[in-house]
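This briefing gathers computed geometric features of one chain for a reader who has the coordinates at hand. Please read it next to the sequence and the three-dimensional view.

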Amino acid sequence: MGCRKREGHKQVERRTIGAGALAMGAVGLGCMPMSWAYSGSRQRGEESLRAVHRALDLGSTLLDTADMYGPFTNELLVGRVLKERRGDAFVSTKVGLLVGEQHIVANGRPGYVKRACDASLRRLQTDVIDLYQLHRADPEVPVEETWGAMAELVQAGKVRSLGLCAVGARGGRRSGARLHDATIRQLQRVQQVFPVSAVEAELSIWSPEALEALLPWCEARGVGFLAAMPLGNGFLTGTLTPGEGFEPDDVRARHPRFTAEMMAANQPIVAGLRRIAARHGDGTTPAQVALAWVLSRGRHVIPVPGTKQERWVTENTAASELRLSAQDLTEVAELPGAQGSWD
């Protein structure tokens with residue numbers, strides 16, 4: 001259960017977020033790709049376990065999972081590590097979505113939330129969850145009721161803090177509203193019930209919409225921001241080849257921005273990241289520049305790149321040491337906007 005730190009590896013910078021002063025490594029680990037949504041043939045349990053251990057060795061303590069990933073198998077995998085190293089990890093999991101054969105539905109009923117928490121605790125092999133996030137609000141249940149049930153879990157000692165995942169973007173974009181208006185309305189409602197410690201939403205160089213309103217909302221209220229998909233589902237790493245294709249079960253196989261045409265059209269973004277990386281030398285990569293940009297958005301921001309391989313964990317955590325210059329940031333700001341729908 002104690003801290004198992006490997007000698008000779010610099011620990012990642014630490015950040016403290018939220019009113020509850022939640023301390024964690026500045027770069028988190030998104031565990032979803034280990035079990036769900038990306039390249040099923042490449043999901044290997046032992047390799048993923050090594051990746052989680054590597055993250056903890058380097059001080060990348062935030063492990064971000066959800067009961068729907070798999071479903072359930074991702075929490076089981078993370079639990080195998082927590083059984084040995086609970087004291088080294090900051091555990092975030094989510095509730096509120098159920099996965100069926102061909103569909104995903106929301107369930108925010110208070111009784112379900114409490115049962116789901118108990119099930120997550122069993123799978124994660126722990127007696128407390130550090131951050132329990134509402135994955136999506138149930139349109140059939142007032143969000144205050146769902147949040148109230150989650151708050152009772154804090155009072156029961158099963159959960160330490162609460163977070164909210166951003167509402168899906170599609171409806172807002174069709175209506176012409178700002179992307180995160182619906183999320184901010186939800187946040188304003190649940191804050192009246194129990195404090196929000198963190199918000200998880202997409203933020204990357206090619207999807208910067210959270211900068212407009214959601215990120216400032218969080219900063220003004222001392223709420224942490226977990227930046228999901230900070231590497232643009234892998235595109236900003238520069239390791240994906242246009243036209244190479246994806247496995248049928250990979251979410252990118254059906255994503256408008258990952259067609260061969262759109263991937264080719266967006267290569268100037270990757271080329272710009274490569275130019276910035278080259279100036280920093282020492283093997284700096286486009287992915288590290290992309291993560292360093294997210295880190296530069298504020299001390300309350302924690303990028304949560306997803307991976308299932310040790311080498312990418314090592315590369316991603318090292319991004320916390322990269323300091324972008326004013327010239328670098330100007331060049332990022334001048335990169336062309338991403339082409340292709342993100343819906």
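Helices (H or I, at least four residues) and strands (E, at least two) are DSSP runs, numbered from the N terminus, and two strands pair if DSSP finds at least two bridges between them. The model is a predicted one, in which local features need pLDDT of at least 70 and side-chain atom pairs count only at pLDDT 80 or more, while totals for chains, interfaces and linings use all residues. Residues are numbered from 1 along each chain as its sequence is written, and side-chain values use heavy atoms, with hydrogens and water left out.

- Strand S1 (residues 14–17) and strand S2 (residues 22–25) pair in the antiparallel sense over four bridges; Thr 16 has Ala 23 as its bridge partner in S2, and Ile 17 stands opposite Leu 22.
- Four residues lie between the strands of this hairpin, and Gly 18 takes a positive phi near 80° there.
- Ala 21, which is also found in the loop between S1 and S2, has a phi near 50°, a positive value in a residue other than glycine.
- In a regular strand, side chains alternate between the two faces of the sheet.

**The open sheet**

- Eight strands form an open sheet with parallel pairing, in the order S3-S4-S5-S8-S9-S10-S11-S12.
- S3 and strand S12 (301–304) stand at the edges, each with a single partner strand, so one side of each is left without a neighbour in the sheet.
- Within the sheet, strand S9 (residues 162–165) runs parallel to strand S10 (residues 198–202) and is joined to S10 by three bridges, with Glu 200 in S10 as the bridge partner of Cys 165.

**Packing of helix H9**

- Two packed helices are described by the angle between their axes and the distance between the axes; here the axes are lines fitted to C-alpha atoms, for helices over the stretch in contact, and angles run from 0 to 180 degrees between N-to-C directions.
- The axes of helix H9 (residues 267–280) and helix H12 (residues 326–333) come within 10 Å and cross at roughly 170°, and the two helices are therefore roughly antiparallel, given that angles under 35 degrees count as roughly parallel, over 145 as roughly antiparallel, 65 to 115 as roughly perpendicular and the rest as oblique.
- On the H9 side, Ile 276, Arg 279 and His 280 meet Gln 327, Asp 328, Glu 331 and Val 332 of H12, where contact means heavy atoms within 4.5 Å.
- The residues of the contact of H9 with H12 divide into two nonpolar, two polar and three charged; Ala, Val, Leu, Ile, Met, Phe, Trp, Tyr, Cys and Pro count as nonpolar, Asp, Glu, Lys and Arg as charged, and the others, Gly among them, as polar.
- With helix H10 (residues 286–295), the axis of H9 comes within 8 Å and crosses at roughly 90°, which makes H9 roughly perpendicular to H10.
- Leu 273, Arg 274, Ile 276 and Ala 277 in H9 meet Pro 286, Val 289 and Ala 290 in H10, a contact with six nonpolar, no polar and one charged residues.

**Buried and partly exposed positions**

- Helix H11 (residues 310–318) has Val 313, Glu 315, Asn 316 and Thr 317 buried, and the buried residues of H11 pack against strand S3 (29–30), helix H1 (45–57) and H10.
- Ser 204, in the loop between S10 and helix H7 (214–220), is buried at a relative accessible area of 0%; leaving aside neighbours within four places in sequence, Ser 204 is in contact with Met 229, Pro 230, Gly 232, Leu 236, Trp 293 and Val 294.
- Gln 125 lies in the loop between helix H3 (110–124) and strand S8 (131–134), counts as partly exposed at 37% relative accessibility, and has a positive phi near 55° although the residue is not a glycine.

**A cis peptide bond**

- The peptide bond from Gly 70 to Pro 71 is cis, with omega near -5°, and Pro 71 is found in the loop between strand S4 (62–64) and helix H2 (73–85).

Key
Buried < 20%, exposed > 50% of the residue type's maximum accessible area, 1.4 Å probe, protein only.
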